[in-house]
Amino acid sequence: MSESGTFYITTPIYYVNDAPHIGHAYTTVLADVLTRFHKLAGDQTFFLTGTDEHGQKVQQAADKSGVSPKEHCDVYSKRFKDAWDGLNIGFDKFIRTTDPEHIAYVRKIFQALWDRGQIYEKEYEGWYSVGEERFFSEKELVDGRDPVSGRPVEKIREKNYFFRMSAYQDWLIGYIEEHPDFILPDFRRNEVLGFLRQPLNDLCVSRPKSRLSWGVSLPFAEDYVAYVWVDALFNYQSAVEEKTFPDGSPIWPADYHLLGKDILTTHAVYWTTMLKALDMPLPRHILAHGWWLFDNARMSKTTGNVVNPLTMKDVYGVDVFRYFLIREMVVGQDASFSEEALIQRMNSDLANDVGNGLSRILKLAATGLESRLQPVASVDEEESALQKAAGEAVTAALEMVRLLKLSVAIEDTLQLIRAVNRFLEFKAPWKLAKEGEAGKAKLNAVLYHAAEALRIGFSLLHPVMPSKMDEALAALGLSLGESPLVWGGWKYGRSLGQGVNLFPRHAVDRLVGKIDLPAVKIITASKSPTDPFSLIHLKVARVEEVEDHPGADSLYVLRLKIGEEDRTVCAGLKKHLSKEELRGRNVVMVYNLKPANLRGVESRGMILAAEDAAGKVVPVNPDQGVSGDDVLAEGIPLEPKAALNMKDFEKAPLRVQSGSVRYGDLPLQSPRGPIRAEAPDGTSVR
Ligand code: MSP
């Protein structure tokens with residue numbers, strides 16, 4: 001799948017002062033799934049994860065528990081390793097920044113930067129935050145406190161060592177502009193370029209041991225340790241310094257660094273400029289994913305709303321949990337975690353679509369063919385069509401994986417599996433099973449085609465659900481094998497298994513929160529009584545195409561793109577805006593409105609608009625928001641109703657105030673900024 005035939009992927013190395021949670025689990029599962037897809041396509045792969053173990057917080061935590069920092073790290077690092085074992089993560093190396101090889105590598109790098117004149121010493125005075133382990137300028141403080149954590153800061157004057165980062169600002173801007181796929185997704189690249197429009201400072205890369213001793217000593221100043229981020233970033237190289245791919249080619253540079261959006265600057269700016277200063281190759285792509293939200297608050301230890309991934313896996317199974325993470329989050333955007341959504345995915349995608357076809361084949365083969373299938377060539381139109389569909393699904397899914405659109409790759413695979421179910425309905429093999437010897441050959445042909453298409457579908461789902469798909473393949477008397485994605489890879493005449501229930505259905509009312517299953521710690525950030533606005537799901541959508549409504553003069557039919565989803569919505573905007581004015585525009589829509597048939601066209605949602613001072617009705621403007629973003633009112637949790645009616649919508653009136661759309665006093669916002677409307681104060685938005 002990679003042009004080079006090799007694939008090196010990394011996750012961030014996780015701080016040992018936190019327990020593994022869904023945010024960490026997501027990145028690690030994503031890296032695992034991508035690695036397994038690349039393996040499936042024949043690439044040589046290397047997958048790195050690990051723990052970030054130096055720094056003040058670790059030193060303080062260890063002091064508090066009366067153990068040495070290393071002893072503290074040993075315990076906490078193991079928790080991550082165990083968590084990944086439990087989630088069936090097949091990393092090639094688990095690095096710890098306390099590994100002696102890593103420490104030696106960091107010292108070597110510091111020496112090289114020093115020898116090249118890229119590091120200099122300077123007396124420095126600033127406000128230091130222990131919580132954030134960094135200095136803030138006077139201007140950055142909020143009420144005299146650390147602007148990130150709100151904790152007190154100390155004024156510190158000391159000599160430190162600085163990396164000449166500012167010298168690389170113009171080069172970095174040029175590099176990012178010339179390599180549009182270096183930082184993904186697009187809007188994150190623009191954020192980094194925006195950040196680089198401000199002057200870039202040099203980077204303080206040392207901490208005096210008098211203040212912090214738990215770190216890597218600098219070779220040219222042994223009374224200083226390395227700034228923990230510099231120490232951490234070089235893990236991506238130190239881990240593979242001595243290693244090669246099986247064919248002998250070097251592992252560095254990485255194909256993908258996966259990370260959350262909160263640590264994009266350290267990777268896109270600090271890391272990249274240091275590599276440049278050392279004349280080392282840069283990673284090929286840096287991918288910043290969004291956050292998992294719970295009740296629209298970011299999950300974190302400080303807010304206490306942490307979903308323990310391991311408990312979720314114990315309740316619903318490892319593979320279902322992996323499937324949910326990968327299917328539910330559009331890479332790059334935020335996603336909401338809810339147990340209901342997990343159960344629904346499990347029931348509809350997995351129990352219905354994936355489980356059904358397999359159990360039908362097994363049953364019919366057992367009754368009519370003594371559980372044995374023989375490979376045969378396609379003889380009729382439907383059989384050839386199924387074979388073709390399998391080939392197309394492989395091409396489409398792998399292309400989507402290459403573009404990191406994993407939820408679409410899964411959907412393409414489910415389409416194939418649904419096609420198998422339709423093929424079985426159409427061919428009605430249960431009738432053939434009753435035709436005795438005469439029907440046997442036909443029955444074999446039908447079941448062979450269905451089984452072969454399913455085998456390919458299962459192989460495509462294997463990276464996401466390795467254990468369940470091994471089980472499914474075993475039920476067909478098979479394993480992943482050498483050419484899992486090629487039609488005809490069926491091993492001749494092996495006996496099929498008996499019935500299996502791969503994905504037992506789960507009742508939605510049997511939520512962990514409601515029944516007495518092993519407790520999952522899901523603490524909501526705010527438990528307010530349901531506000532009418534909570535029921536409304538607003539999303540940013542992009543207008544792809546505009547057509548006249550065939551039967552209503554005032555209506556347009558808009559084709560919208562919401563993230564990766566396509567929808568058709570009718571809107572009464574024809575009197576007010578031309579098609580050109582609408583095409584390509586971002587709008588805000590009521591996403592969960594009950595579908596309505598408007599004179600023969602099904603409309604799924606409604607565009608929010610307001611009447612401006614001149615009486616023109618104009619859609620509200622999500623500004624920086626991008627297609628697929630949720631639009632929220634701060635502090636009101638999103639608990640959308642499955643099919644909202646207009647009465648529900650009207651219970652939460654939206655109005656324009658000072659150029660932005662508000663619910664009461666609360667401005668509506670996408671994760672990237674407010675929703676604007678050029679209309680007089682008090683104008684209603686609908
Ligand atoms: N140690 C640094 C990384 C150094 S890499 C050279 C670090 N560690 S961390 O443990 O705090 O965070 C690791 C990752 O978890 C980050 O990518 C962060 O974005 C991610 N997540 C933390 N909470 C998250 C969610 N709720 N959702 C998704 N990912 C989030 O930063």
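A residue is called buried when its relative accessible area is under 20%, exposed when over 50% and partly exposed in between (1.4 Å probe, protein chains only). The model is predicted, so local features need pLDDT of at least 70 and side-chain atom pairs count only at pLDDT 80 or more, while totals for chains, interfaces and linings use all residues. Residues are numbered from 1 along each chain as its sequence is written, and side-chain values use heavy atoms, with hydrogens and water left out.

Serine 206 is buried, its relative accessible area being 0%. This residue lies in strand β10 (residues 206-208); strands are DSSP runs of E with at least two residues, helices are runs of H or I with at least four, and both are numbered from the N terminus. The side chain of serine 206 forms a polar contact of 2.5 Å with that of asparagine 160 (a pair of N or O atoms within 3.5 Å; within protein, one must be able to donate a hydrogen and the other to accept it, and residues adjacent in sequence count only if both atoms are side-chain atoms). A polar atom of the serine 206 side chain also lies 2.8 Å from the backbone nitrogen of tyrosine 161.

An open antiparallel sheet consists of four strands in the order β6-β5-β7-β9, where pairing requires at least two DSSP bridges between two strands. The edge strands, β6 (134-136) and β9 (203-204), each pair on one side only. Strand β7 (residues 154-163) is joined to β9 by two bridges, and phenylalanine 163 stands opposite leucine 203 of β9.
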